[in-house]
Amino acid sequence: MVVSDELTSLKGVGPEVARKFAVLGVRTVGQLADYLPRRYEDYSVVTPTAKLRPGQVTVRAKLKDVSGRYVRRGMHITEAAASDASGSIRLVWFNQPYRLTSLKHDQEYYLSGKFELSNRRFGLMNPSVELVSDFPLNVARIVPIYRETKGLNSRQIRKCIGQVLPLIRALPETLPAWITEEEKLMPRARAMEAMHFPASATELEQAKRRLGFEEIYELVLASLLNKYELMREQAPPVAFDEKLAKDFVKHLPFQLTDAQRKVVWQIYQDMQKAQPMNRLVEGDVGSGKTVVAAMAAAMVMKDGHQVAFMAPTELLARQHAETLTKVLAPIGYDKKVGLLVGGMSTAQKTSAHKAISDNKMQLMVGTHALIQEKVDMQRLELVIIDEQHRFGVDQRKKLQAKAGHMPHVLNLTATPIPRSLALTLYGELDISVLDAKPANRKPIITEICAPVSRKQRYENIDKELAAGRQMFVVCPLIAESDNLPAMSAEKMYEQLTNKDFKHRRVGLLHGKMKADEKNAVMQKFVSRDLDILVATTVIEVGVDVPNATVMLIEGAERFGLAQMHQRRGRVGRREHQGYCYLMMSDSKSPGRRLRALETSNDGFRLAEFDLAERGPGAVYGTLQHGELDLRVAKLTDVKLIASARKAAQATIDRNEDLLQYPVMYEHVRAIRAVTNLN
Ligand code: ADP
Ligand code: MG
């Protein structure tokens, strides 16, 4: 048997069963060996029949009096007695007439199932049965439960995995021996066998530790390798000009926070080096990342070089272009800022391209169109990426090819990445945290609202609007849907316009609208020609409307915590008090997540909460990427992460040839391709 063998090479697997396995993503015996259980049921303790208590039990007994009959409505019942030295119990199977012929009198079996009351008598209901042996698959053990599909249950899967055990036992070791020795990790083959058929709870724990260690180790190693590779690349040093920095700061309408000052300083230090900067600035919404980016850009522009500023949406790109133009005006750089987005006309694009190659445009603001189009990037020295997590290694290579050198890269994100996650996944990045918000900010007042309070809410909100403030309304859907009873943006728009706020100016914004329509609506809201903006999630990131103070989130129970925190950050961005109303679709209990949002304004704390409650995918979408899937390890396991990190660093320090470990090498290579943010 070899890993690439088709499943049909197994006993009892024909084309029909193989098709069902394919639904689960399993096509070869190797993939089957790798198909880990979702959970386990513990039937490992064998109890004498006389000592049984209601619940999930296992007995070892001989069968007697096996009989079957049809009862009302065509239901079939098989009954039997199972006796051991201590006594005897009743066994019942519903609609399994084949039991009648398959069960043998006086034969000793393991029986695992639920011991419960049925027809006023205790008995073992629908138990699994297996002949007594040293290696039972379905009974008298910690039983693995797999993800199943129609027509293929865990029992059938177990039977097939039982057949590939020789292959599992021969799986090659993937980690360096000095690591498995030092960390006392069980051999990979044994860990894999124990994941499927653990001999004990302790062994299962050790198997999980071993495989989890390997997962984290590979992630960390991948990001460290990326880091060291980047350190060997050349980037053009950007000289620091103190006068320019002071000039810029002097003309700001506010004082930089200490956090901003510190981060800008770190960036200037990075850019003075001949190695590419690879920094991530994490700052909660409203912490003032744009100014920090502008200061980085100015330093590059001063020497006649260029900066690309990439935003995730066109809307944001336009807004950033405006903001940057404004803040760079006092030092005379406003004319050097330009826009390059997909929605521009061909003529506009052509003229932008020309401005770039003439170096009239030094700060290009745009979406991915920036690097996809035929843009001259000879002078590009700095790339700033706002709220954009998936800027992969390929894009960076593209830029390198265009510019002839590696540009410095600055990532900005408002998604607070919990430390454990950041260290594991982004060890290659230098991380700066904007850990303080501008002093003039008041915490946003957040309240969970039951549907019955809607009228009362609207009255309060209208006072805000009457005072000249504005409101965002976010809905989970664009249009009405039969299967989702949630409020849609279209319906909300109609209700507010025709009924609740008919004396106010209401606008609608959603993802299906054309780019210029979206811009027009957004523009009207920004220039205060609208009081209320009803939107879907398109307003998610970055949009800055200082006069907006109310955020009403419809169907709040449907949204992720991080997402809602982001949205809440859209209001209260100036001196005015901000309000966030989490409107529930029904009167059910709001749950811990919404309560957390109500009580905390701290994005980092909320992210930690989400990580613990729902796992990394909830916090950081990238983790849903197949290569980064953690099947066994938990990112909350601080001890495991610490030892895996140590081992990864030691691997690099020892300068080992990773090709000695081909399986691990291949994993690491695949991870590197997706995690390299830049
Ligand atoms: P984010 O970090 O969410 O991108 P922005 O950069 O959009 O935040 O800044 C939010 C708002 O705060 C902007 O209107 C900006 O002008 C303002 N701001 C930035 N820094 C300060 C500061 N130090 N003091 C007061 N206001 C500031
Ligand atoms: Mg921003």
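**Exercise 1. Work out the handedness of the crossing of H7 and H8, then describe how the two helices meet.**

*Solution.* Keep in mind that this is a predicted model.

Step 1: The handedness. H7 and H8 cross in a left-handed way.

Step 2: Who touches whom? On the H7 side, the contact uses Arg188, Arg190, Ala191, Met192, Ala194 and Met195. H8 answers with Glu203, Leu204, Gln206, Ala207, Lys208, Arg210, Leu211 and Glu214.

Step 3: Sort the contact residues by class. You get seven nonpolar, one polar and six charged residues where H7 meets H8.

Step 4: Now the geometry. Two packed helices are described by the angle and the distance between their axes. Here H7 spans residues 188-196 and H8 spans residues 201-231. Their axes come within 8 Å and cross at roughly 125 degrees.

**Exercise 2. Find out how many cavities of 30 Å³ or more the structure holds, and say what lines the largest cavity.**

*Solution.* Rolling a water-sized probe over the atoms shows where empty space is left.

Step 1: Count. There are three cavities of 30 Å³ or more.

Step 2: Volume. The largest cavity comes to about 70 Å³.

Step 3: Lining. Ten residues, written 10 in the tally, surround the largest cavity, and Pro416, Ala562, Gly603, Leu606 and Ala607 lie nearest its centre.

Step 4: Which elements supply the lining? Helix H20 (561-568) and helix H22 (603-614) each give two or more residues to the largest cavity. H22 has the largest share, with four residues.

Step 5: Classes. The lining of the largest cavity splits into six nonpolar, three polar and one charged.

**Exercise 3. Describe the largest pocket: its volume, the residues nearest its centre and the classes in its lining.**

*Solution.* 

Step 1: Volume. The largest pocket holds about 1200 Å³ of space.

Step 2: Lining. The largest pocket has 44 lining residues, and nearest its centre you'll find Thr290, Thr323, Asp544, Arg573 and Arg574.

Step 3: Elements. Helix H11 (289-302), helix H12 (314-328) and helix H19 (515-526) are the ones that give two or more residues to this lining. H12 takes the largest share, at nine residues.

Step 4: Classes. Go through the lining of the largest pocket and you end up with 18 nonpolar, 15 polar and 11 charged residues.

Conventions
Residues are numbered from 1 along each chain as its sequence is written. Chains are lettered from A and ligands numbered from 1 in the order in which they are written. This is a predicted model: local features need pLDDT of at least 70, side-chain atom pairs count only at pLDDT 80 or more; totals for chains, interfaces and linings use all residues. Side-chain values use heavy atoms; hydrogens and water are left out. Axes are lines fitted to C-alpha atoms, for helices over the stretch in contact, and angles run from 0 to 180 degrees between N-to-C directions. A crossing is left-handed if the near helix is turned anticlockwise from the far one by less than a right angle, and right-handed if clockwise. Contact means heavy atoms within 4.5 Å. Ala, Val, Leu, Ile, Met, Phe, Trp, Tyr, Cys and Pro count as nonpolar, Asp, Glu, Lys and Arg as charged, and the others, Gly among them, as polar. On a 1 Å grid over the protein atoms alone, a cavity is a set of points where a 1.4 Å probe fits but cannot get out, and a pocket is an open set with protein on both sides within 12 Å along at least five of seven lines; lining residues have an atom within 4 Å of a point. Grid points are joined across faces, edges and corners, and a volume is the space filled by probe spheres set on the points.
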